[in-house]
Every structure is written in C-alpha cells, then in structure tokens.
Amino acid sequence: MSLLELVQYATLVVLVLDAVGVGTLIVLKAVNRRRRLATERRKREYMRLISRHVAFEYCTDPIPADAARDPAFIDAIIDFRNVLAGSELANLERLISRHGVVRRLIKDLSSPWKVKRLRAAMALAEIGGDETVDVLLAHLDDREPEIRVQAARGLGRIGWTPAIDEIVSRFGRVSPWVRARFADTLIGFGADATWPLVAYVMVNHRHETAGPVAAIRTLAAIGDAQAVKPLMDVLETATDTEVTIAALDALGSLGHPMAAPVMRTAATNPDWRIRAKVVTALGQVGDVGALEVLATALTDESWWVRRNAAAALGAVPGGLDRLYEAVAGDDRFASDAAMEALVDIGELTAARMRMEGGIAAPRDLALISHVEAHA
Amino acid sequence: MARILIADDSETITTLLATALQSSGYEVEVATDGNQAYQMGLESEHDLAILDQLMPGLLGLEVIDRWREAGIETPVIILTGVDDERTAVESLDRGAVDFVRKPFRLPELMARIRQRI
C-alpha cells in the first residue's frame, strides 16, 4: 500500500468517525429536547392540578402516588411555594406533606447520583420545613460545595437561628465561593448573626485571614450598629493587613462617628493600603475631627492615599475649604489631588458659572486657572 | 359570563388564577407579557383585567395608559410586588380600580374581583 493510499484510508476513517460523532450528538440533542419538552408538559399538568388543590381545600382530583419522584412535580411545588400566602400556602404545605415530598427529597440526598442529590438539596432549600433542619445541618459539610450552599440557604429560609453558629464556624474551612454564599445566608439572618460573627472574628482574626475578613464584610453588609465597638477593638488589635482593611471598610460602611477616633490612629500606618482605606472610611463617617488627618494625607507619598483623602474631604463638612487651600498651596501633588476631587464633585462647573455671573471668589479663579494650566 | 384577562409572566400565577376564576364561572384569557395583554385588550372586550406590574414588554401601568389612549376602559386590578408601595399608589392614580400585593391571598383577590364585576 502506497503512502498516498494510506493517507486516503486514514482520512476516510477520520471522516467516518466525525460523521458518527456528529450523528450521536444530533441524536442526544433530540433526545434531550424530547425529555425537556415532556418534563415541561408534565410540569404544566401538575401546575393545573396543584392549582386546584391549592385553591380548593377539599379538592379530590387525584395526584399520582409517585409524583414526589418526578422533578416536574417538585418544580411546580417550588414555583407555587414562592407565590402563595395564607390559606393557599397552608393547602400547599398539606399537599407536600401528604405526598411525602420532603421525605423523598431527604432520601434523594443520599443518592449516588450527583445531579439527583443537587436537585434534592435545591428543592429542600426552597420547601423544607423544621423537619429538615437536622438533615440540612448535616449537609453543611457535604462533599459537594453546591449542596453545602443549598443546605445553608435552606436553614436561612427556615430561619433556624441556631444554624448561624454552625455556618459561621465553617467560615475558615470552606472555599471562597462557599464562604461568599454562606455570607449571603447570614446576611439574610440579619442582626441575629451579628454576635456569632463578632465572636468568630474576635477569636480568629489573629491567626486566620480569609474567614475573619469574610465575617467582617458580612457584618458590614448586615449593618447592625452593635458591631461597631467590636470592630473598633479588632482595628486596634489586628496584626493582619487584610483584616485591618476589612475592619476599616466595615466601620466606614457602618458610618458610626464613635469609630472615628480609632480610625484616625490608623492614618499613620506604614502600609499605604491601610492609610488609603482609613481616609476613605473617615470620609464615609463624615468625621469633622478628621479634617487635619485628611489634609495631611493630601501630602502622602502614595497617590492612592492622596486621591482618597481628597475625595473624603469633599464629603466631610469643612473639607471643601481644605481642598481649595490645597489647590492654592505649594505641594504640587496635594494640589493635583485636591483639584481632581473638586472637579469630580462639580466645583469647577460651579466656579465657572460664578465667574460668568461676575461673582467668582478668588479661590474659584485659582481653581479654574489650575485646571486650565493642567489642560 | 364575565370575561377576565389575566396578564402575568409567571405561569404559576396565571395557572392558579385561571383555575380559581374558571371554577367560579368566569371566562378567562391569559397573556404572558405586556404587549400581548395590550393587543388582547384591543381585540376583544373584557369585563376586568388583572395585570402584573412587572412584565416583559409593557409594564402593567403602561398597558393601562395605552388602553386609555385607545379608548379601552376595561377596569384593571394591578398586581404589585410586596414592597412596591409607590406603584400601588400610582396604579390608582393612573386609572386602575384596585391593586393587590404579591404574594396575594386568593379569597381576598376573588372578593375584589367580585366587587368589580
């Protein structure tokens, strides 16, 4: 056999294999489509059936005995669970109980099939009640991250506050994605989660980073003022830069003036990232006592610190005067940072309007000429 | 037999409402978005329309505006989200006869419908 014939045969084999592959793909796609359409059709039928049971308590229309095994039935139940209230919701709860839906889903969580387990976890997170608490708690340590997240979500939806400690205690030993989803659940618990999170941060912030940082961010998102004092303590004792930055971020976001004096002490930290965060947080708090700190920060060696300090001065009462002083001052870096902040907050436009109206103050003219010199 | 138009992008809600209304003897038509609801309102007469505020296409209040411009005076009940106080008030200002917050209680909605037909 010549080389040319060999190449021809090889090409033929490749073409045949390609054709088989494409054919298989088409068949699989068609099968999937049929299955999807069949599921949608069954779901629509279940929705009509469930509607009648939900609207009329004594409805006797039969629901198939094995409906709880059908994902279409579970989907329909979840959809109704999210839109019903009052007696209709009670009717739906009775239907769920009568058909052993939760029992079935709990069983599915032990299935060897990942998809089945995941579907069960998602459904339990949506419709599970108090009877599912133990199962959901156990699955906070599931081997599948998505199932851990769904377990936490379910506990959050049920509002089982003892679960807060369980979720928080896992902050340090889960992946960033799971931690972020756990945090979402804790935010849903609101102020009930404040002290467990605070306790976790206080105990762990000196020997861990990721967990405490996530916990501090969660405290900021919850927005409970009770977290301010503990976060001030964290700020004073933290040895980790990330934890310090997270604490500053949270204190700025909580916006309580009580925190300002402690925050100001961090303004001389040797790490520019911390100094940059301090000035932003002081601006968020609107701390009048921080004017000197912010004005000094305008001359910082770091561009970020100068920029953030100038932006913060724009937000603090009395800060505008300091920005205008800096524009007219000798320090070129401070002057540039102040000018940019004044432009950002609309002072340049206002100065130009005052000039056109013939009522411009000397500092308006200084700002305009400074901007034009930089144009 | 009174005719009611239901417009909501949630199939769950339209199925539930249609089931309850048909069982109570009403004739029901269903639209799944604002544009379809507007068109159905133009094409045939309804004794009442139940419109979701947040739908694909035209919003519930926009459907009312367009109907009124076209001379369609069908009474409308607006379905709004639970926290949407402004829409609830605005819907009355813009000609809706009533509003109901989601998730709603079926007996209450049915009573409001009976009151309007």
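The structure is a predicted model, in which local features need pLDDT of at least 70 and side-chain atom pairs count only at pLDDT 80 or more, while totals for chains, interfaces and linings use all residues. Residues are numbered from 1 along each chain as its sequence is written, chains are lettered from A and ligands numbered from 1 in the order in which they are written, and side-chain values use heavy atoms, with hydrogens and water left out.

Chain A contains 21 helices and zero strands; helices (H or I, at least four residues) and strands (E, at least two) are DSSP runs, numbered from the N terminus. Its radius of gyration is 31 Å, well over the 21 Å that the globule rule gives for 375 residues, so chain A is more spread out than a compact globule. That radius is taken over C-alpha atoms, and the rule is 2.2 Å times the number of residues to the power 0.38. Along the principal axes, the C-alpha atoms of chain A fill a box of roughly 85 × 75 × 50 Å.

Within chain A, helix α8(A) (residues 162-169) packs against helix α9(A) (residues 176-189) at an angle of about 150°, with the axes 10 Å apart. Axes are lines fitted to C-alpha atoms, for helices over the stretch in contact, and angles run from 0 to 180 degrees between N-to-C directions. The two helices are therefore roughly antiparallel (an angle over 145 degrees). Ile164(A), Ile167(A) and Val168(A) of α8(A) meet Phe182(A), Thr185(A), Leu186(A) and Phe189(A) of α9(A), contact meaning heavy atoms within 4.5 Å.

How values were computed
Parallel < 35°, antiparallel > 145°, perpendicular 65-115°, else oblique.
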